[in-house]
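Here is a short briefing on a protein structure. Look over the chains first, then read the points below.

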Protein chains: 2
Amino acid sequence: MDSKERILQATAKMFLDRGYDSTPMSFIAGELSLSKGGLYHHFPSKEILLFDIINHINEKKFFPIYETAMTIPDPEKRIRYFLRSFAKIMTEDASARISVHEARRLNPQHLEELKKNWRMTYDLLKNSICEMQAMGKAKKINSAFAAFAAIGMCSWTLYWFDYSREGSWEELSDAFVEIFMKGIAEIE
Amino acid sequence: MDSKERILQATAKMFLDRGYDSTPMSFIAGELSLSKGGLYHHFPSKEILLFDIINHINEKKFFPIYETAMTIPDPEKRIRYFLRSFAKIMTEDASARISVHEARRLNPQHLEELKKNWRMTYDLLKNSICEMQAMGKAKKINSAFAAFAAIGMCSWTLYWFDYSREGSWEELSDAFVEIFMKGIAEIE
């Protein structure tokens with residue numbers, strides 16, 4: 001792990017525990033046994049450090065599942081794969097919570113970039129639900145609200161999942177996928 | 001509206017916009033055209049002000065629907081009523097977000113009290129799902145995960161609902177209730 005990645009991971013934990021506003025650069029440098037100058041060499045501002053933490057999670061975890069999902073032609077299978085993988089991300093790493101809690105601390109341009117990722121998730125789900133509706137496989141509910149229902153189920157995991165215990169992510173994703181897919185299905 | 005309620009509502013908005021950590025008591029007093037002494041007369045500390053904001057929302061919005069739900073004997077109707085009302089609360093007032101975002105700023109005793117409310121929501125849903133399972137009306141999925149799926153759907157509304165537009169809460173709650181109830185139903 002290079003020093004930049006080490007800083008990102010350690011700072012993510014500090015932001016989670018203490019909050020962004022209450023974690024000054026001098027504190028971060030101290031915890032990492034770096035000079036303030038050494039820290040600023042890698043990250044010119046605390047805001048850039050925050051943005052890089054969020055990007056790091058997205059690049060390592062979110063984009064790979066998004067890209068795989070987009071290669072699946074069947075909308076039902078696409079939603080199943082995506083929700084299952086999205087729920088898994090949420091159970092793996094509490095630091096995804098930072099991108100929700102501290103988003104308002106990003107500068108407007110960085111916030112726009114983050115919102116693009118949120119929009120990708122939303123569009124993927126909403127469009128897949130609409131495809132299922134067009135095929136007669138999903139009932140005619142509001143596809144935007146249904147997309148948000150799926151995102152909410154998975155994202156809320158950040159607030160209650162016990163990260164000190166392991167192993168139940170599969171049962172959790174199975175339950176979410178089952179509830180959501182049966183919930184939107186057109187029943188004959 | 002008495003002056004205490006006025007302070008609670010105005011401060012809730014400041015905490016939402018600026019975050020708890022970045023909103024000092026002197027700023028709150030200034031915004032409300034109060035002396036710091038006047039503000040401290042009502043609220044001996046910022047932490048107590050935060051706790052009172054959270055309690056105020058719970059007492060005005062959450063407890064009434066919880067109590068009504070608990071009088072409904074049929075578990076399926078109980079869940080339908082509760083989810084519909086819970087989703088409505090989330091679309092009415094973004095300040096419910098404070099109790100999620102700023103919970104870690106409460107002192108341990110106040111945090112315990114807040115967690116009791118979260119636990120009430122969870123128990124109501126989980127127990128109702130178990131009752132439905134015992135009656136053969138809900139499938140045998142993990143009832144804890146199913147309860148969190150329902151809470152997540154509704155609570156996530158805080159992060160995306162457009163509070164500047166009105167009127168769609170009914171369509172939203174209908175969609176959530178429909179997805180969740182069909183999602184957990186035992187289908188013959």
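Predicted model: local features only at pLDDT ≥ 70, side-chain atom pairs only at ≥ 80, totals over all residues.

B:F148 has a relative accessibility of 17%, so it counts as buried (buried means under 20% relative accessible area, exposed over 50%, partly exposed in between, with a 1.4 Å probe and protein chains only). Residues are numbered from 1 along each chain as its sequence is written, with chains lettered from A and ligands numbered from 1 in the order in which they are written.

**Aromatic pairs**

- The whole structure holds 21 aromatic pairs over all chains. Rings of Phe, Tyr and Trp (its six-membered ring) pair if their centres lie within 6.5 Å; planes under 30 degrees apart count as stacked, over 60 as edge-to-face and the rest as tilted.
- A:W160 and B:F148 are stacked, because their ring centres are 3.8 Å apart and their planes lie at 5 degrees.
- This pair joins two chains, because A:W160 lies in helix α8 (residues 143-160) of chain A and B:F148 in helix α8 (residues 143-160) of chain B. Helices (H or I, at least four residues) are DSSP runs, numbered from the N terminus.
- A:W160 is buried too, at 18% relative accessibility.
- B:F82 and B:F86 also stack: their ring centres are 5.4 Å apart, with planes at 15 degrees.
- About one helical turn separates B:F82 from B:F86, because they are four residues apart in helix α5 (residues 75-92) of chain B.
- B:F82 is buried at 0%, and B:F86 is buried at 8%.
- One aromatic cluster is formed by A:F62, A:F63, A:Y66, A:F82 and A:F86.

**Charges over rings**

- A:K46 places its charged end over the ring of A:Y20, 4.2 Å from the ring centre. The test is NZ of Lys or CZ of Arg within 6 Å of the ring centre and within 35 degrees of the ring normal.
- B:R18 does likewise over the ring of B:F27, at 3.8 Å from its centre.

**A buried serine**

- B:S173 is part of helix α9 (residues 169-184) of chain B.
- B:S173 is buried, at 0% relative accessibility.
- Leaving out residues up to four places away in sequence, B:S173 touches B:R84 and B:A87 (contact means heavy atoms within 4.5 Å).

**Two copies**

- Chain B superposes on chain A by a rotation of 180 degrees with 0.0 Å of shift along the axis (RMSD 0.0 Å). The two copies are therefore related as by a two-fold rotation axis.

Notes: Heavy atoms only, no water. Least-squares fit on C-alpha atoms with pLDDT ≥ 70 in both.
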